[in-house]
Amino acid sequence: MLLTTINLLASSGQKTVDCMTTMSVPSTLVKCLYLFFDLPHVPEAVGGAQNELPLAERRGLLQKVFVQILVKLCSFVSPAEELAQKDDLQLLFSAITSWCPPYNLPWRKSAGEVLMTISRHGLSVNVVKYIHEKECLSTCVQNMQQSDDLSPLEIVEMFAGLSCFLKDSSDVSQTLLDDFRIWQGYNFLCDLLLRLEQAKEAESKDALKDLVNLITSLTTYGVSELKPAGVTTGAHPFCCLDLQYLSLLAKGTQEIIVLLKTKNTWLCWLWRL
């Protein structure tokens, strides 16, 4: 009943949401969301009352209502700023790139939904400043890079969420894209691409295709127009190259070129940040 009431209040408009924010409702819910990553496994229901929902279904309903509340709240700026003030916004960045048991994956996806809502509606100057100063993107890159428990497909799914956040933030500020570069995000993508290309599992091949598409989309982010440099008339800016090394070059023009050797050819990406 309590969550149902909060859900109704969260649908009442900005004035009500601002009042809820004053009472620290967003930060309290995010703390709970982070703790839910450690919920125990729900055993299969054996018997029980006919009019009573199984525990697994009740938890599913809890997750559904919980994320609805946070998404509704974070559709306004004040909850994002309250999360930054209470130092709880970084919990969401940690949550979306942390391992959790398979039965708790819906909670990680919920954290991603909340963060995507913030990227669309809550990226005020103070929120961007907080994310930059708390090095939240560094946390994301390190979590994805250092965890041995994450499958390649999980890592790509994590980066997909992070990529959407970078896209939305680039419409507001260049700061977070610069942070991703500074914290070796592009080097991490190079390593991940090579790792996926060398893997033999079918899952890794699918993840590789998804990751290439995500990296391609990165070329559209930022405020600067992407222009191939040093291309003569009639020449194709992205051609196969006979090189024997992997290079990541950051030039003074803030262009980043990734040359990746695969089994059959070289792939070339050019970013202007």
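Tutor: In this predicted model, helix 6 passes helix 9 in a right-handed crossing. Helix 6 covers residues 89–96 and helix 9 covers residues 136–146. Their axes come within 8 Å and cross at roughly 20°. Angles under 35 degrees count as roughly parallel, and helix 6 and helix 9 are therefore roughly parallel to each other.

The contact can be read residue by residue. On the side of helix 6, Q90, F93 and S94 take part, and they meet C136, L137, T139, C140 and N143 of helix 9. By type, the residues of this contact divide into four nonpolar, four polar and no charged. An α-helix has 3.6 residues a turn, so residues three or four places apart point the same way.

Helix 9 has other partners too. Its buried residues are C136, L137, S138, C140, V141 and M144. These buried residues pack against helix 6, and also against helix 8 (125–133), helix 10 (152–170), helix 11 (175–182) and helix 12 (185–198).

Leaving out residues up to four places away in sequence, L89 touches L83, A84, L115, I118, V127, Y130 and I131. L89 also belongs to the largest nonpolar core, which has 66 residues; L89, L92 and I131 touch the most other members of that core. Helix 10 gives the most to this core, with seven residues. In soluble globular proteins, nonpolar side chains tend to be buried together.

Two residues elsewhere can be set beside this picture. The first topic is S204, which lies in helix 13 (residues 202–218). With a relative accessible area of 2%, under the 20% limit, S204 is buried. Apart from its neighbours within four places in sequence, S204 is in contact with P152, L196 and A199.

The other topic is L62, found in helix 4 (residues 55–73). L62 has 29% relative accessibility and so counts as partly exposed. When neighbours within four places in sequence are set aside, L62 is in contact with L3 and W107. L3 is 59 residues from L62 in sequence, yet their C-alpha atoms are 8.4 Å apart in space.

Conventions
Residues are numbered from 1 along each chain as its sequence is written. This is a predicted model: local features need pLDDT of at least 70, side-chain atom pairs count only at pLDDT 80 or more; totals for chains, interfaces and linings use all residues. Side-chain values use heavy atoms; hydrogens and water are left out. Axes are lines fitted to C-alpha atoms, for helices over the stretch in contact, and angles run from 0 to 180 degrees between N-to-C directions. Helices (H or I, at least four residues) and strands (E, at least two) are DSSP runs, numbered from the N terminus. Angles under 35 degrees count as roughly parallel, over 145 as roughly antiparallel, 65 to 115 as roughly perpendicular and the rest as oblique. A crossing is left-handed if the near helix is turned anticlockwise from the far one by less than a right angle, and right-handed if clockwise. Contact means heavy atoms within 4.5 Å. Ala, Val, Leu, Ile, Met, Phe, Trp, Tyr, Cys and Pro count as nonpolar, Asp, Glu, Lys and Arg as charged, and the others, Gly among them, as polar. Buried means under 20% relative accessible area, exposed over 50%, partly exposed in between (1.4 Å probe, protein chains only). A nonpolar core is a set of buried Ala, Val, Leu, Ile, Met, Phe, Trp, Tyr and Cys residues joined through side-chain atoms within 4.5 Å.
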